[in-house]
Amino acid sequence: MDQKLVERIKNNPKYQELITKRSSFAIKLAVFMLVVYYSFILTIAFNKEVFANTIGDSIITIAIPIGATIIVLAFITTVIYVIRANGEFEDLEMSIKNDVKDIL
Amino acid sequence: MLRIATLLGLSSLALLAEDGSGVNINAVIMFFVFIAGTMGITKWAASKTKSASDFYTAGGGITGFQNGLAIAGDYISAASFLGISGMIYLQGYDGIIYAIGFLVGWPIILFLMAERLRNLGKFNFTDIAAYRLDEQKIRILAAFGSLTVVTFYLIAQMVGAGKLIEVLFHIPYGWAVALVGALMIIYVTFGGMLATTWVQIIKACLILAGVTFIALMVMAHSGFSLTALVTEATSLHKSGVDILKPGPFVSDPVSAISLGLALMLGTAGLPHILMRFFTVGNAKEARKSVVYATGFIGYFYLLIGIVGLGSIVFLNSDIGKELYLSAEGSVIGGVNMVAVHLSQAVGGDIFLGFIAAVSFATILAVVSGLTLAASNSIAHDLYAIVIRKGNITDAEEMKVSKRTVLVIGFIAVLLGFAFENMNVAFMVGLAFAIAASANFPILILSIYWKKLTTRGAFIGGFVGLITAITLVVLSKTIWVDIFHFEKAIFPYVHPALFSVTAAFVAIWFFSITDKSARAEEDKAGFEAQNIRAQTGIGAEGAVSH
């Protein structure tokens, strides 16, 4: 990629908008998943007896629904990201490409 | 050529199968059908595989949905299906901890890496790190990282395959492993990534259907009440209600955190998985494939919990004990076989045949993907770029690739033989630890950290790799269980916490102290790299035929 193209894209406000919006969105979701997962792992590491508590009178421990919830959350967050990335962010990308197509 | 190989493979299988007693005829038939079908695909794929791009990435013509299924296929390996259900059978909830760890790597890959991988790379993840750093050095480093990860992963798969065939067909373990090696060499050398991907897709569909059926039958047995199933399982298991909470696998905080780190970051450093991002046409499809993959894998792991509980219930029932357990109460064929036994218990001989064939297919497909990743490292990174400095034709490179596949096939068979008695899911855990320490830090820092230099990446990458391997060798797994020393030198079984940290610290230190001219060049390249990573401008489009 030549320097002229780099400058053109870098100075395009849409490029700035794309990277700011997408990065902050991706980081928020990543942090959310990391917090969820490491809360789980750290609980197992330091106080796994918490997960031995049962739900009401049943013998099922809370560890079981918590595990299932993490799996479901992992899926939901990927869906949320891709809907926005393949819609809004993809449109921005296309329009940036359109703006610089004369020198591509 | 293909046909002869098929005939040879099948007839020797049939001959060997007839020797044993109690051979499952249904399983043999299912095997024939599957192998014949996949050989057909391989033949078709061979006719479409002309360039190196076709061979490594199926020409970039796979859709997001197909790729999602193929990724799920790579992921729902024998280690996941046989190993995790075996872990749940033995230890209960601890198996679930592995399943969750394997899954949560996916969202992180998607948010931080998927589109950048797709936009920057061509054949493998090494392309990303090599984008602005000194290509020669980075290729050497990444090839070592990839090959080590692939080796550990291959061991797990070969062991799983060998055990499975040994139990079902009464073929000696060594023969079984050799058969897997031979078939995998045929798929990869003739069909390349296209055949590997389609074998993977078919297998993913079959295994998802199979697990759904097992789970439904287990739930039907308990009147579709999870409480009833759990109650019965705890009453039959020697650990009782303890199987419903985190148990002995994660005995201390350091091991728990270390395992968690390895499982999550390891996903983002597995060469055969990262390779899949280059089989799709663009970043949009790459993102979609992650959604599908996460969905399929998540669904599978939710069901595997039921499969694990079901195996406790069915294998420990009066009939189950007689059929599937030895006099001392251990599982016939080893604990990795519980899901296979359960399939017979819930679905009879025909379904056992189906699951056996699918499990076998699973292993074949995954070892094919691994072999392709390894041959990519050796033929593309080491031979074509480092040794020949890129002065090589496509045809020459593919010839080297295919020869490499042959060699890797032989090595895989030998390793499968040497590590016969490993728990396969655990072995995969080690592969993840090495991927997390050697590949992930380089990859993520080359994408995000402007100040990364060639020197930092090269030294730090090797520090991560060597630390991880050394700690694994010095831990109980190898030092005591394989070498039979009395006491492990490294007290924890999971090295990732230490080796990942060592890698990051070393990369950081040797980058910021790097004052060479090369370092200036490395940093100067970041801006252009970032624009391409973010927008895909300048990236190679899909090369579809």
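**Helix packing and the A/B contact**

Modeller: In this predicted model, α18(B) and α20(B) touch (heavy atoms within 4.5 Å): Arg455(B), Gly456(B), Ala457(B), Ile459(B), Gly460(B), Gly461(B), Val463(B), Gly464(B), Thr467(B), Ala468(B) and Leu471(B) from α18(B) meet Phe498(B), Ser499(B), Ala502(B), Ala503(B), Ala506(B), Ile507(B), Phe510(B) and Ser511(B) from α20(B).

Colleague: How do those residues of the α18(B) contact with α20(B) divide by class?

Modeller: 11 nonpolar, 7 polar and 1 charged. Ala, Val, Leu, Ile, Met, Phe, Trp, Tyr, Cys and Pro count as nonpolar, Asp, Glu, Lys and Arg as charged, the others, including Gly, as polar.

Colleague: And at what angle do the axes of α18(B) and α20(B) cross?

Modeller: Roughly 160 degrees, with the axes coming within 7 Å. Axes are lines fitted to C-alpha atoms over the stretch in contact, with angles from 0 to 180 degrees between N-to-C directions. So α18(B) and α20(B) are roughly antiparallel (over 145 degrees).

Colleague: Switching to the chains, how much do B and A bury between them?

Modeller: About 4,500 Å², 75% of it on carbon and sulfur atoms; that's accessible area (1.4 Å probe) lost on being put together, summed over both. Chain B gives 49 residues and chain A 53.

Colleague: How many salt bridges?

Modeller: The count is 4, taking a Lys or Arg side-chain nitrogen within 4 Å of an Asp or Glu carboxyl oxygen. One of them joins Arg287(B) and Glu93(A) at 3.7 Å, N to O.

Colleague: What about numbering and cut-offs?

Modeller: Residues count from 1 along each chain as written, with chains lettered from A and ligands numbered from 1 in written order. Local features need pLDDT of at least 70 and side-chain atom pairs 80 or more, while totals for chains, interfaces and linings use all residues, and side-chain values use heavy atoms, without hydrogens or water.

Methods:
Helices (H or I, at least four residues) and strands (E, at least two) are DSSP runs, numbered from the N terminus. Angles under 35 degrees count as roughly parallel, over 145 as roughly antiparallel, 65 to 115 as roughly perpendicular and the rest as oblique. Buried area is the accessible area (1.4 Å probe) that two parts lose on being put together, summed over both.
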